[in-house]
Amino acid sequence: MIRRLVRTVRLYLAQAWLSYHGRFSITNPFGYITSKLGFPFFLMIFFIFMGKFVGFSDPLYIVIGNLLLIPANNGMAGISLAIGEERGWGTLSYVLGSPAPRAPVFIGRAIFYILDGFVTALLGFGIAAIIFRMNLGQVDFYLLTLCTFLLAITASGIGFLFGSISLITRDGWTILNTFIQALYILVGVNFPVDALPGALQKVAYCLPLTRGVMAARLVLDGAGWSAIASLIGGEALVGSLYIAAGYAFFLWIEKRSMQSGTLDAV
Amino acid sequence: MKCIRWGLVKQQMSVQLLVRTLNFFSLSLFILQPAVFSAVGMLLSHAAGNDVPDLVYSVIGGGIMGMWSGIVFTSTYDITGDRRNGMLELITGSPTSLASVEAIRTFTNVLCGFFAVLIAFSAAMFIFDYSLNGANLWGAGISLLILLFAMWCSGVFLANFLAWSRISGTFVEYLEMPVAIFCGFMFPIRVLPDWMQTISGIFPIRWALEAMNESLLGMRDVRYLAEHWLLAIGLCLLLLVATNWLQNKVQDKIRVNGELSSI
Amino acid sequence: MKSLHTDSSHVFLFFIKRKESAVKLRLSVLCVPISNTQILSTYDRLGHLDFVALGRRGEMENPAIQACSLNKVFKTKIGLWKIKSKSTTAVEDISFEVERGELFGLLGPNGAGKTTTVKMLTTLLLPTRGTAKILGLDVIEQTAEVRKHIGFAFSGSRGLYNRLTAIQNLNYFAELYALEPKVTKKRIPELLELVGLNGRGDDRVETYSSGMVQRLHLARALLHEPEVLFLDEPTVGIDPVGSRELRQTIKNLISLKKTILLTTHYMAEAEELCNRIAIVNHGKIVVMDTPASLKKRVSGDSVIEAEVQSAKAPILLDTLRGLDGRSMVKLDHSAEPEKLCIRTAEPEKVLELLSPFLNPDYILGMEVRHQTLEDVYITIIQGEKE
Ligand SMILES: Nc1ncnc2c1ncn2[C@@H]1O[C@H](COP(=O)(O)OP(=O)(O)OP(=O)(O)O)[C@@H](O)[C@H]1O
Ligand SMILES: [Mg+2]
């Protein structure tokens, strides 16, 4: 029993490290940092200027929203990238063809991305606090950590859902990317969900992240546990629904992909 | 670039379309992504309490954004993809120079980008009732042509830069947004702080785009427009000179370290 | 001033002189008959001379491929944080000439430097030192001209657009080689026929098997009717019937006066096709000759392989002492049962010596055959190791 547990844990970690290392080994430290913070940072700046132009007076609102999306992005992209890149390098069929159980293989790959996104977001808050003179004095740090971590985990459900698509089509990563972009509109990153038209508001509340982002904003405003408990609960619930659906979908698609033989088409 | 023949152009363009452009990835870059940016722009404007969004910057600007992302990413995937599947080596080994192949490919990408702008235009006109009344049409037209030229020059430069080494690929992807910011794709340059406005002066795209946006908003000052056009063209020529220099370097470098075929 | 090998009677001098103006890698080579040595001292006085190499030149008047002490050192950087430089010498002083209409084979173990040599000759890599000429054109200086006259195909499934059909791929390359559309239209079906892909031209390459991709590579290389052809392991992954057809195709090309440089790991193929062979190891040419004289070079022309009882091997080895000095006897311990391998010019004598032992107590089985190129290759490469 213990032996099996150790073996599984080892497999998780080994997969996670391999995937992570495989992804970043070509780049140098400079590439590493820019790839972590570069794109989200510049996108954020772009949105801030857009906001400034139309008279949206609160740049911090945009900053916080974009920072909160980093762990979520990593949670989503981690799994999808792990699968998509395997396909790109032609090693997907080796991975799936090996006797290793699939769940550790891919969940393991996601772990580092999730941790990484989490750390990056905290780092981002630190940097933002300096650049934008954000006041973090009254913030309950543990609650903020909790929210950020929760965002990464609930987002990984979406990652599984779209990552599975990567098993049958080479466009999985793109489809996910397009979806991630839609999140910039839907989950209250750049402007409050209330600003959306009615129908879209309903959609927003069916997605993970929406409530989590709201909760995190409240925490940053100095709210305590009681104020955010219901939001956190809702986020966890929606998130776990997505994770369950995503994993089931992954298993189903994996069977399908064996039949259609599309594992290595690039 | 002296050996560009019509047959080569036709062939390269059709293959470029088939292999790189007509797939979900590129279409989402050229069309879906601009739509998202436009939506963010308009909703931000709504959240800020404006009744009418600024269609020139929000919607047409989104189209420009799509054109730029399309060019950056297609160029990146052109080279890295070709490197990965061994094509870069075969192209280099043929009598046609890599630079002319890249020039034609970028031209194709710019055309696709132009298509994205057209879609944004139609969206602005037919969905959001944008009207061209009061716009300086000929000014906008000439500016658009110069803008396309500027995009092409930047794209060719990027493509050569990418052939330079594998690492540059990671770098270029992060160039996309900064250029969008400095060139004022979805907001006027005057929103930027002074020091950023100064930097933005080195981008030919900025001058052409500013002339186009101002024309659409009714600018008729010939001197203002002419100044912008000349600046844009001058900077483009500089960029081409730099590209030419870079291209010779690239030719030597990729043959020394065997990076033509390594992934 | 450094001088290199001097192993032949037909000695010519190679003057290698650094050109002041050019990039420092670029060297130019002069070949001068040895009788003209006063030129050497003239150049030396002027300080132009970088080093002198004595090289062999046969009677070739006008070689198609001419490699003069090619060297390639790869510098790679490894490590993420602590970046270390590491250099690999892939090719070291390779010189050879291939006559027009000749089929020249490069053999050697993995990593010997064959592909690197081919890439330098096809203008895809710059030599670190040395030069090469294709049809008299310098691969470093006259790159564009060289590229018009050569065709090359590397093994592997890379180098084609998978989402396009074979014909679209060929069309694409036809334009890169600036062929007239009319010519292209006629040539593509011919080529598909030649490599045995007729009927599959309109299928996407991603639906091809690896052997079919290999054939398509050959068709692509032949598209512009190059005079010199470089084929790097062209028969990898092709089925036996297919590779026989392919070999026939290659022979036909030779009869059309094309020059071919071929690398392969199949000795039988090299033996059947090549006029001359160079065996490369660790970046150097170990031997270079025709297949026939290569076989003569290694002792004997018959091979006798006997499976023996391990305990009795010493007795048999003792018995075989009686052979003349040119025979070679070797006991292979790794085989099961142990194998006695004898190369000899006098197989009858061996049989006579062994005849008393031809029973299962000593010898379990025996095979007598002519020496193949493979035997020669293995002897040479193993000899290198020791
Ligand atoms: N781009 C490169 N960078 C660094 N080292 C390289 C590069 N290409 C080849 N090498 C090294 O050069 C040496 C020769 O490689 P090469 O590909 O020429 O061998 P080969 O004879 O073709 O082998 P094979 O039979 O396996 O095809 C090897 O040690 C290889 O590791
Ligand atoms: Mg090789």
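**Entry on T259(C).** I began with T259(C) and found its place in strand β11 of chain C, residues 259-263, where a strand is a DSSP run of E with at least two residues, a helix is a run of H or I with at least four, and both are numbered from the N terminus. Before going on I noted that this is a predicted model, in which local features need pLDDT of at least 70 and side-chain atom pairs count only at pLDDT 80 or more, while totals for chains, interfaces and linings use all residues. I also noted that residues are numbered from 1 along each chain as its sequence is written, that chains are lettered from A and ligands numbered from 1 in the order in which they are written, and that side-chain values use heavy atoms, with hydrogens and water left out.

Is T259(C) buried or exposed? T259(C) counts as buried because its relative accessibility is 2%, and buried means under 20% relative accessible area, exposed over 50%, and partly exposed in between, with a 1.4 Å probe and protein chains only. I then followed the side chain of T259(C) to the backbone nitrogen of G101(C), which it reaches at 3.1 Å. Leaving out residues up to four places away in sequence, I listed what T259(C) touches, including A64(C), V98(C), E102(C) and L229(C); contact means heavy atoms within 4.5 Å.

**Entry on chain C.** I looked up the secondary structure of chain C and found twelve helices and 17 strands. Chain C has 386 residues, and 50% of them are buried. Among its contacts with a separation of 6 or more, 70% join residues 24 or more positions apart.

**Entry on ligand 1.** Where does ligand 1 lie? I found ligand 1 between chains B and C, with 15 residues around it, of which G111(C), K114(C), T115(C), T116(C) and H265(C) come nearest; a residue is near if one of its heavy atoms lies within 4 Å. By class, this shell has four nonpolar, nine polar and two charged residues. Helix α2(C) gives the most to the shell, with three residues.

I checked distances to oxygen atoms of ligand 1 next, and wrote down 2.7 Å for an N or O atom in the side chain of K114(C), 2.9 Å for an N or O atom in the side chain of N110(C), and 2.9 Å for a backbone N or O atom of G113(C). Taken alone, ligand 1 exposes 630 Å², and the protein buries 68% of that, with areas from the Shrake-Rupley method and a 1.4 Å probe.

**Entry on L225(B).** I moved to L225(B), which sits in helix α11 of chain B, residues 222-257. L225(B) counts as buried because its relative accessibility is 0%. Setting aside neighbours within four places in sequence, L225(B) is in contact with N136(B), G139(B), A211(B), S215(B) and M219(B).

**Entry on the cores.** Last, I looked at the largest nonpolar core, which has 123 residues, and in which F46(A), L147(B), M151(B) and F185(B) touch the most other members; such a core is a set of buried Ala, Val, Leu, Ile, Met, Phe, Trp, Tyr and Cys residues joined through side-chain atoms within 4.5 Å. Helix α3 of chain B, residues 55-84, gives the most to this core, with twelve residues.

Methods: Polar contact = N/O pair within 3.5 Å; in protein donor to acceptor, adjacent residues only side chain to side chain. Nonpolar A, V, L, I, M, F, W, Y, C, P; charged D, E, K, R; others polar.
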